[in-house]
Amino acid sequence: MVPVNQSLYLQPSLDRLRVAVLEQNRPGSVEGLVAHHVLGSDPRANVEWQVGCTQTWIDTEFRSTNLEHVAALGYFLWSQPRSNFTSQLLDGLGRMRERDAFKGEHLSLARNPTRLLGIVLGSLALGDASAETLAWCREVLDKMRQKGIADCDPLVPYLFYRAFGTKIPVVPSGTASLYALAFSDWAIRHQMHQNEPSLQQLCNDRQSILFQAATDLHFESASQAAFLWSSVTSILFHALGAAALQPRHVAAVLQNFEAAMKRWRWDGDELQKPIRWPVSQEREVQDILWLILRSYFPDVVDEDTLPKLGHSTYKADFGIGSLKLIIEAKFASSKDDFKKIEKEIQEDCIPYLRDLRYESLIVFIYDDSASVQEHDTTRRALLEIPGIVDVVIVSRPSQLAPKFSAQPARKRSPKRPPRI
């Protein structure tokens with residue numbers, strides 16, 4: 001876990017990053033628009049954005065022959081697709097296609113990913129009306145790859161993601177710059193990444209981001225500052241939250257399972273197309289738990305492979321690395337299953353907690369048989385096992401058919417009153 005007290009040392013760096021972004025917070029600034037693209041939907045940024053392309057800016061400053069102006073308008077229409085400036089952007093994109101994207105070495109469009117991204121986003125915002133420009137951008141990106149300049153900036157993989165739909169590879173942490181690490185972290189948080197980093201790599205990279213930001217902060221533009229600011233604030237936010245969270249909070253969330261099943265669908269035969277969501281095996285219970293846990297704990301992983309013990313391999317149903325906690329789900333079809341579950345958990349607990357990433361375990365049991373008379377006995381027995389911090393046992397809701405029933409239970413007809 002990231003040490004919470006690092007937030008004290010990072011405040012000067014956060015102030016520098018904020019100032020860099022605010023200096024470009026003006027209408028038509030490409031750097032400011034990139035920062036808005038990165039930070040705009042994050043309430044933690046707390047910026048009153050003024051980067052929008054206003055009518056005044058269009059009338060007094062915009063030139064369709066100015067590449068930076070066209071890129072700025074592309075960013076703006078991406079964020080505001082119903083803008084009235086479609087014709088100006090189409091005119092600018094048409095003029096831009098007449099240029100050589102590689103002319104000018106360091107000043108070329110191919111060497112300026114922030115401008116090229118504005119062109120790509122603008123083309124995507126206009127849809128079919130700018131299909132020709134999008135095809136032109138894709139040709140430029142292909143040539144960049146052929147010329148070996150596709151790795152000139154960590155932002156370039158994001159261009160490929162937008163233009164082609166190609167997922168972004170996670171950078172190797174050993175030689176990556178602070179900016180590259182921050183961009184990779186941003187891509188992971190937005191589910192754009194190609195390869196899934198291990199939990200250890202994720203923790204190491206985020207620790208490195210905070211350490212470098214606190215001790216050796218370097219950035220060259222407001223757009224780079226935006227990625228760094230986004231990454232640092234996000235890591236600190238989750239670190240502060242994790243510092244307060246304990247395994248008992250996970251158990252408290254799972255205790256709401258039965259109440260939440262009030263809306264679980266199991267329609268009666270009176271409907272023409274009844275919807276029924278059966279819960280008939282452990283895998284389906286795991287699917288429900290994943291929805292619950294992932295909504296609260298962003299670092300939860302499912303089916304986490306644990307170290308081999310002897311000839312046997314083990315996988316934890318769910319692991320929350322920040323809490324060093326495993327959640328194991330079980331399905332009871334009858335009252336006799338509770339004894340079997342007690343034995344299975346007792347056998348699995350030792351190999352589960354041999355993994356140094358985890359220190360405790362919560363057992364979740366879904367009782368399809370509603371054998372409530374067994375719950376307390378099993379809970380008490382499991383809580384005596386070292387490492388188990390809580391046991392949550394829930395019963396099948398009444399509207400849901402038991403595992404071996406194909407039809408929902410029929411309502412009984414009211415008894416007729418006796419004849420007189």
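**Entry 1: Glutamine 191**

I started at glutamine 191, which is partly exposed because its relative accessible area is 46%. I took partly exposed as lying between buried, under 20% relative accessible area, and exposed, over 50%, with a 1.4 Å probe and protein chains only. I then looked up its phi, which is near 60 degrees, a positive value in a residue other than glycine. Glutamine 191 sits in the loop between H9 and helix H10 (199-215). Helices here are DSSP runs of H or I of at least four residues, strands are E runs of at least two, and both are numbered from the N terminus.

I noted the ground rules: this is a predicted model, where local features need pLDDT of at least 70 and side-chain atom pairs count only at pLDDT 80 or more, while totals for chains, interfaces and linings use all residues. Residues are numbered from 1 along each chain as its sequence is written, and side-chain values use heavy atoms, with hydrogens and water left out.

**Entry 2: Alanine 370**

I looked up another positive phi. Alanine 370 is not a glycine, yet its phi is about 55 degrees. I found alanine 370 in the loop between strand E4 (360-367) and H16. Its relative accessible area is 33%, so alanine 370 is partly exposed.

**Entry 3: Helix H8**

Which residues of helix H8 (residues 156-164) are buried? I listed Val156, Tyr158, Leu159, Phe160, Tyr161 and Ala163. These buried residues pack against helix H2 (30-39), helix H6 (113-126), helix H7 (131-147) and helix H9 (178-189). I counted contact as heavy atoms within 4.5 Å. Just after H8 comes glycine 165, with a positive phi of about 80 degrees.

**Entry 4: Helix H15**

I checked the length of helix H15 (residues 337-354). Its 18 residues should span 26 Å at 1.5 Å a residue, and the end C-alpha atoms are 26 Å apart, so the two agree. The expected span is 1.5 Å times one less than the number of residues.

Where does H15 bend? I found a bend of about 35 degrees at aspartate 348, with proline 351 following within four residues. The bend is the angle between axes fitted to the seven residues ending there and the seven starting there. I also went through the buried residues of H15, among them Phe338, Ile341, Glu342, Ile345 and Asp348. An α-helix has 3.6 residues a turn, so residues three or four places apart point the same way.

**Entry 5: H15 against H16**

I looked at the pair next. The axes of H15 and helix H16 (residues 375-383) come within 10 Å and cross at roughly 10 degrees. H15 and H16 are therefore roughly parallel to each other; that term covers angles under 35 degrees. Phe338, Glu342 and Ile345 of H15 meet His375, Thr377, Thr378, Ala381 and Leu382 of H16. I sorted the residues of this contact into 4 nonpolar, 3 polar and 1 charged.

**Entry 6: Distances along the chain**

I picked arginine 283 in helix H14 (residues 282-296). Arginine 283 and lysine 330 are 47 residues apart along the chain, and their C-alpha atoms are separated by 9.1 Å. I did likewise for glutamine 207 in helix H10. Its C-alpha atom is 8.7 Å from that of isoleucine 235, 28 residues apart along the chain.

I ended with glutamate 270, in the loop between helix H13 (257-260) and H14. Is glutamate 270 buried or exposed? Its relative accessible area is 68%, so glutamate 270 is exposed. Glutamate 270 and leucine 383 are 113 residues apart in sequence and 45 Å apart in space, C-alpha to C-alpha.

Key
Axes are lines fitted to C-alpha atoms, for helices over the stretch in contact, and angles run from 0 to 180 degrees between N-to-C directions. Angles under 35 degrees count as roughly parallel, over 145 as roughly antiparallel, 65 to 115 as roughly perpendicular and the rest as oblique. Ala, Val, Leu, Ile, Met, Phe, Trp, Tyr, Cys and Pro count as nonpolar, Asp, Glu, Lys and Arg as charged, and the others, Gly among them, as polar.
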